[in-house]
Amino acid sequence: MASSKDYLNFILDQLSGLDGISYRAMMGEYIIYYNGRIVGGIYDDRLLVKPVNVAVAMLSDAKLELPYEGGKEMLLVEDVDNRGFLEKLFTAIYEELPEPKKKK
């Protein structure tokens with residue numbers, strides 16, 4: 001099942017307090033970027049984030065789920081209604097992500 005544009009717009013609205021949020025559509029799903037770094041994505045109308053240490057700590061009860069068959073497990077964010085929490089989560093995750101690789 002592909003993710004809906006409505007769910008994407010809801011998540012983007014929840015993250016609207018952060019500058020630098022962008023997305024890219026990919027095979028019916030959406031990759032979410034924060035200042036050029038991949039933080040997570042929307043898969044089957046679920047917000048999943050990379051399981052970096054700070055995300056695991058902030059989402060201590062979160063389930064690890066596959067974004068798609070053959071993908072790497074990611075953390076399911078269930079409290080998507082809490083705008084402040086989402087902004088703190090994305091900011092904290094960003095700090096642990098590596099710089100994007102430079103294209104040649």
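This is a predicted model: local features need pLDDT of at least 70, side-chain atom pairs count only at pLDDT 80 or more; totals for chains, interfaces and linings use all residues.

Trainee: Does Gln14 count as buried or exposed?

Mentor: Gln14 is placed in helix 1; helices (H or I, at least four residues) and strands (E, at least two) are DSSP runs numbered from the N terminus. Its relative accessibility is 6%, so Gln14 counts as buried.

Trainee: Which backbone oxygen does the side chain of Gln14 reach?

Mentor: Not counting residues up to four places away in sequence, Gln14 touches Val80, Asp81, Asn82, Arg83, Leu86 and Glu87, where contact means heavy atoms within 4.5 Å. The side chain of Gln14 reaches, at 3.2 Å, the backbone oxygen of Asp81.

Trainee: In what order do the 6 strands form the open sheet?

Mentor: Two strands pair if DSSP finds at least two bridges between them. The pairing here is antiparallel, and the order of the strands in the open sheet is 1-2-3-4-6-5.

Trainee: Why is one side of strand 1 and of strand 5 left without a neighbour in the sheet?

Mentor: Strand 1 (21–26) and strand 5 (64–65) stand at the edges of the sheet. One side of each is left without a neighbour because each has a single partner strand.

Trainee: Which strands does helix 1 touch where it packs on the sheet?

Mentor: Helix 1 covers residues 5–14, and its direction makes about 165° with that of strand 1. Such angles run from 0 to 180 degrees between N-to-C directions, with axes fitted as lines to C-alpha atoms, for helices over the stretch in contact. The strands touched by helix 1 are strand 1, strand 2 (29–34), strand 3 and strand 4.

Trainee: How many bridges join strand 1 to strand 2?

Mentor: Met26 has Glu29 as its bridge partner in strand 2. In the hairpin of these strands, with 2 residues between them, Met27 takes a positive phi near 55°. Strand 1 and strand 2 run antiparallel, and the number of bridges joining them is 6.

Trainee: How many residues of strand 2 are buried?

Mentor: In a regular strand the side chains alternate between the two faces of the sheet. Glu29, Ile31 and Tyr33 point one way from strand 2, Tyr30, Ile32 and Tyr34 point the other way, and all are buried. Strand 2 is therefore largely enclosed by the rest of the structure, its buried residues being 6 of the 6.

Trainee: What is the relative accessible area of Ile32?

Mentor: Ile32 lies in strand 2. Leaving aside neighbours within four places in sequence, its contacts include Leu8, Ile21, Ile42 and Phe90. Ile32 is buried, with a relative accessible area of 0%.

Definitions and conventions: Residues are numbered from 1 along each chain as its sequence is written. Side-chain values use heavy atoms; hydrogens and water are left out. Buried means under 20% relative accessible area, exposed over 50%, partly exposed in between (1.4 Å probe, protein chains only). A polar contact is a pair of N or O atoms within 3.5 Å; within protein, one must be able to donate a hydrogen and the other to accept it, and residues adjacent in sequence count only if both atoms are side-chain atoms.
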